[in-house]
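Keep the structure open as you read.

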Amino acid sequence: MRMLLGIVVFSLWLWPGELVSNASAQQAELAEVLLPGDKAPALTLGEFVKGERFDSFQDGMVYIVEFWATWCGPCKSSIPHLTKLQKTYNEELRVLGVAIMEHDPTAVGPYVESMGDQMDYAVAIDDRNQMSTNWMEAAQQGGIPTAFIVDRKGRIAWIGHPLDMDEPLGQVIAGTYDLDAVLKERERLAQVRAASEGLMQRLNEQYGAGQIEEAIETMDELVALDPGEFGELAIAKFQVIALQVGDWDRAYAFAAEIITDRLANESAHLGTFSWYLLTDASVTDRRLDVAIEAAERAVELTRSSDGDLLDTLALAYSKAGLLEDAVEAQRKAVEAATEAQRGLFQKTLEQYTERLQRSRG
């Protein structure tokens, strides 16, 4: 699961208390974060290097506000896709590319001109980093390209990578996007986070005091409070038992609970857990059957629609020597891949196919 590398949150070579402390601080900041459902911040734009200037959102129009930079390699791959979306929805959509963090703002115009019709939408330069501050930093978005969908009422409807927004954008355009459900989920999560504050503080104190078994029990309470929000702590518990307590058998006994109970309906967390078991150097007792079971459950939950999860499952099969299954899973990963993933997944498919052919002599 390549997009999740490095979030195996907890490589517990760091003292877990730091993680808990950081998580508590992040929760405290959430009230100030720009989220879907919020009114879109003002447009504080500098020069428009392409397209007709506009400085506010028009009622009844849908907008994409996308942040990019001339020096950003991944941004270039999303530019033709944004152009395609602008042409597809035409009068119902305005795409705005905002160049931020430019070392030399005068380079933006020539860059856009060199892109020609591939970049066929409005492009402006951030004015004194105001857009970067009021949009990207406010939404805690640290990487580009990042896109915001603004609905017909001037509200943020969605935030994410521009290559991942086709479905929500189509729903916003059609009027079927359920922002009320998004807002209700936001309210529910706020309540969950409020309820978790005392538990997080207790967990921090237990780690600080070296009370490992007590901390493990508190992790269980947090995961039970909301498996989606705190599912990473189930993985952390596995790591604590395996790496700090040093009992791999007990850790894998708990892994069975992770897959069939604790995170049984959490595909992303199951994928993360499988990827950790398959790839992390700290796993000195690598039980591939458990990694396969976690990945298979994740793929089942998503009905084979998530390329990352299929890629993880294919890796698990490959490491177990199940090459026919690996090729089939990787083929599905390519079919389900985003534009950004497809090349890498295709290369992996070719590697698995070559290995399978060699094994057959």
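Asp-226 is buried, at 6% relative accessibility. Buried means under 20% relative accessible area, exposed means over 50%, and partly exposed lies in between (1.4 Å probe, protein chains only). This is a predicted model: local features need pLDDT of at least 70, side-chain atom pairs count only at pLDDT 80 or more, and totals for chains, interfaces and linings use all residues. Residues are numbered from 1 along each chain as its sequence is written, and side-chain values use heavy atoms, with hydrogens and water left out.

**Salt bridges**

- A search of the whole structure finds 20 salt bridges. Each is a side-chain nitrogen of Lys or Arg within 4 Å of a carboxyl oxygen of Asp or Glu.
- Asp-226 pairs with Arg-188, and their closest N and O atoms are 2.6 Å apart. This pair links distant parts of the chain, 38 residues apart: Asp-226 sits in the loop between α7 (212-225) and α8 (227-230), Arg-188 in helix α6 (residues 179-208). Helices are DSSP runs (H or I, at least four residues), as are strands (E, at least two), numbered from the N terminus.
- Arg-188 counts as partly exposed, at 33% relative accessibility.
- Glu-328 bridges to Arg-331, with the closest N and O atoms 3.0 Å apart. The two are separated by about one helical turn because they are three residues apart in helix α14 (residues 323-336).
- Asp-220, Lys-237, Glu-257 and Arg-262 are linked in a network of salt bridges.

**Helix α12**

- Glu-300 and Arg-297 both lie in α12, three residues apart, about one turn of the helix. They form a salt bridge whose closest N and O atoms are 3.5 Å apart.
- Glu-300 is exposed at 52% relative accessibility, whereas Arg-297 is partly exposed at 22%.
- Leu-301 is also placed in α12. Leu-301 touches Ala-264, Asn-265, Glu-266, Ser-267 and Leu-270, not counting residues up to four places away in sequence. Such a contact means heavy atoms within 4.5 Å.
- The C-alpha atoms of Leu-301 and Asp-289 are separated by 18 Å, and the two residues are twelve apart along the chain.

**Helix α5**

- In α5 (residues 166-174), Pro-168, Leu-169, Gly-170, Val-172 and Ile-173 are buried.
- Their cover includes β2 (62-68), α2 (73-89), β3 (93-99), β5 (146-150) and β6 (156-160).
- Just after α5, Gly-175 takes a positive phi of about 80°.
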